[in-house]
Amino acid sequence: MIVGLIIACEVAFWVLLAAGLAFRYALRMPRVGLALLLCEPLLEVVLFTVTAIDLKNGAEPDWKHGLAAVYIGFTVGLGHATIKWADARVAHRFAGGPPPVRPPKYGMARAAHEWRTAGRWIVAAVVAAALLQAAVWYVGDDGETSTLRAWQSKMLLVIGVNVLIAGSYTLFPKREPAGSR
């Protein structure tokens with residue numbers, strides 16, 4: 001049931017995003033579009049509630065509960081940036097908005113961009129790890145929580161990889177090719 005709900009939340013995320021942008025730009029109803037976009041966090045509330053109820057009713061914590069926490073964390077960390085990304089492209093394509101800003105390619109500007117991106121992924125992983133820890137505490141000492149702990153280890157890996165990538169752009173900034181100015 002949890003996996004089906006995660007899939008339904010992901011589909012609903014994209015449906016709400018498409019509908020919100022369609023109302024905002026194609027139908028010229030920005031308030032309705034904004035209202036639809038503001039419904040996005042409700043999906044995570046529903047998933048969180050259903051997961052907590054499932055655990056409360058005695059379900060043994062497993063990878064599905066961990067995946068739900070990770071999904072919520074990643075939506076918290078990356079959802080806003082995804083909506084902004086899509087909004088900029090739809091506004092440009094269908095509403096005469098300015099072209100989307102491209103990330104810098106070289107130097108410390110690129111490193112700063114990579115750190116902002118890493119920051120979003122780190123927020124996602126930290127929120128997921130915190131939800132996983134809350135689930136461990138919720139289940140208590142009587143339950144088997146090794147799968148939840150394994151998801152926490154994966155979130156530490158996500159953080160490490162993102163710090164490594166952003167750090168590499170800081171320590172070894174990509175140089176602009178000669179003659180391209």
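**A buried cysteine, its core and the helices around it**

Cys 9 is buried, with a relative accessible area of 3%; here buried means under 20% relative accessible area, exposed means over 50%, and partly exposed is in between (1.4 Å probe, protein chains only). The structure is a predicted model, in which local features need pLDDT of at least 70 and side-chain atom pairs count only at pLDDT 80 or more, while totals for chains, interfaces and linings use all residues. Residues are numbered from 1 along each chain as its sequence is written, and side-chain values use heavy atoms, with hydrogens and water left out.

Which residues beyond its sequence neighbours is Cys 9 in contact with? Leaving aside neighbours within four places in sequence, Cys 9 is in contact (heavy atoms within 4.5 Å) with Leu 43, Leu 47 and Tyr 71. Cys 9 also belongs to the largest nonpolar core, which has 19 residues. A nonpolar core is a set of buried Ala, Val, Leu, Ile, Met, Phe, Trp, Tyr and Cys residues joined through side-chain atoms within 4.5 Å. The members that touch the most others are Ile 6, Cys 9, Phe 13, Leu 17, Leu 21, Leu 47 and Tyr 71. Helices α1 (2-26), α3 (40-56) and α4 (63-95) each supply at least two residues of this core, and the largest share, nine residues, comes from α1. Helices (H or I, at least four residues) and strands (E, at least two) are DSSP runs, numbered from the N terminus. Apart from this core lies another, of 15 residues, among them Ala 124, Leu 132, Trp 151 and Val 158.

The cysteines can be looked at in another way. With a disulfide taken as a pair of cysteine sulfur atoms within 2.5 Å, the count comes to zero. Cys 39 is partly exposed, with a relative accessible area of 28%.

Helix α3 comes next. Its 17 residues should span 24 Å at 1.5 Å a residue, and its end C-alpha atoms are 25 Å apart, which agrees; the expected span is 1.5 Å times one less than the number of residues. Buried in α3 are Glu 40, Leu 43, Glu 44, Leu 47, Thr 51 and Leu 55. These residues cover an arc of only 100° around the axis, so they lie on the same side of α3; the arc is that of the directions from the helix axis to the C-beta atoms. The buried residues of α3 pack against α1, α2 (30-38) and also α4 and α5 (107-139).

Aromatic rings complete the picture. Rings of Phe, Tyr and Trp (its six-membered ring) pair if their centres lie within 6.5 Å, and planes under 30 degrees apart count as stacked, over 60 as edge-to-face and the rest as tilted. The count comes to two aromatic pairs. The rings of Phe 13 and Trp 14 have centres 5.2 Å apart and planes at 85°, so this pair is edge-to-face. Phe 13 counts as buried at 6% relative accessibility, whereas Trp 14 counts as partly exposed at 40%. Phe 74 and Trp 121 also form an edge-to-face pair, with 5.3 Å centre to centre and 80° between the planes. This pair links distant parts of the chain, with Phe 74 in helix α4 and Trp 121 in helix α5, 47 residues apart.
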